[in-house]
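Good morning. Please have the sequence and the model open while I talk. I will go through a few residues and then some helix pairs.

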Amino acid sequence: MGEILFSTCKDMLLQLDDLETLSEFREQVLFLFDKYFGLERSIFWLCREEGEIYSPVTRNTPEQSLRQYMSDYSDKDLLLPIRVSSLLSNTRVLRIEDMVSKQEYENSLFYNDFMKPGNIYHEMGVYLMNQNKPIGGISFVGEQENAGFKDEAAKSIDLLSHFISMKLYYILKHPFRNIPMEDVHLTPSEEKVCKLLQTGLTNQEMADHLFVSLHAIKKHLQNIYKKLGVTNRTSLLSFIMHKSLS
């Protein structure tokens, strides 16, 4: 690795080392990949044992595009963890061109119906692993001339992914609060709000989904904050993630 890339990796690791909460860590990871690699559009997912992705945190990614991807195109994405599991013993970073030829990609429905209309060409998946199982992942997309998707950058990101994986696993397994879940008594409606919160819906979208008013959602959230001792959506999501995986 060249001296410049070594310095980049070192700077990134130092800036991530002291972070303790899930929300801060994921947001900072995406910020640093934008800063150092020019990977502006990104999504940091968590991953269930069966390979299902959930709880997206985004950077410069339109909400409409994310919803469209989840509802109509995720099953056509060649870089889904469940599709590439057999390859992850050798690498933690895969790009579209690692999976299919340029011609196959440019003829695909995924490219023509989803990527191309959004002026997107490249896609890179970074797989965050623990004991050979994905616990999270980062998706980067970019325009055709974006240099952040070149071989040298991919190799550096592969190296960084090992530290990011270890840090993510540590954060997920070490709750920042010690309230036992059995001592938290949420109403059925509050539990539904917590589940929807993990999907990245806005307050209005949760209200529409549950057929209640926006005021009702805000009231539920305030009650949940009070019961769990958190102050906002971000800290609530971190609490939920910690407790569900601890």
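Ser71 counts as exposed because its relative accessibility is 54%; exposed means over 50% relative accessible area, buried under 20% and partly exposed in between, with a 1.4 Å probe and protein chains only. Ser71 lies in helix α3, residues 63-73. Helices here are DSSP runs of H or I with at least four residues, strands are runs of E with at least two, and both are numbered from the N terminus. From C-alpha to C-alpha, Ser71 is 30 Å from Ala147 in space, and the two are 76 residues apart in sequence.

Before I go on, a note on the source. This is a predicted model, in which local features need pLDDT of at least 70 and side-chain atom pairs count only at pLDDT 80 or more, while totals for chains, interfaces and linings use all residues. Residues are numbered from 1 along each chain as its sequence is written, and side-chain values use heavy atoms, with hydrogens and water left out.

Next, Asn132. Asn132 sits in the loop between β4 (122-130) and β5 (133-142). With 70% relative accessibility, Asn132 counts as exposed. Ser85 is 47 residues away from Asn132 in sequence, and the C-alpha atoms of the two are 8.9 Å apart in space.

Is Ser161 buried or exposed? Ser161 has a relative accessible area of 0%, so it is buried. Ser161 is found in helix α8, residues 151-173. If we leave aside neighbours within four places in sequence, Ser161 is in contact with Arg92, Val126 and Leu128, where contact means heavy atoms within 4.5 Å.

His220 is in helix α11, residues 214-228. The relative accessible area of His220 is 19%, so this residue counts as buried. Again leaving aside neighbours within four places in sequence, His220 contacts Ser189, Glu190 and Val193.

Now the helix pairs. How do the axes of α9 and α10 cross? The axes of α9 (residues 188-197) and α10 (residues 203-210) come within 11 Å and cross at roughly 125°. Axes are lines fitted to C-alpha atoms, for helices over the stretch in contact, and angles run from 0 to 180 degrees between N-to-C directions. α9 and α10 are therefore oblique to each other; under 35 degrees counts as roughly parallel, over 145 as roughly antiparallel, 65 to 115 as roughly perpendicular, and the rest as oblique. On the α9 side, Lys192, Val193, Leu196 and Leu197 meet Met206, His209 and Leu210 of α10. By type, the residues of this contact are five nonpolar, one polar and one charged. Nonpolar covers Ala, Val, Leu, Ile, Met, Phe, Trp, Tyr, Cys and Pro, charged covers Asp, Glu, Lys and Arg, and the others, Gly among them, are polar.

The axes of α10 and α11 come within 8 Å and cross at roughly 110°. That makes α10 roughly perpendicular to α11. From α10, Asn203, Gln204, Met206, Ala207 and Leu210 meet Leu214, Ile217, Lys218 and Leu221 of α11. This contact divides into six nonpolar residues, two polar and one charged.

Last, the whole chain. Its secondary structure comes to twelve helices and five strands. Of its 246 residues, 48% count as buried. Along the principal axes, the C-alpha trace spans about 50 × 40 × 30 Å. Among contacts with a separation of 6 or more, 61% are between residues 24 or more positions apart.
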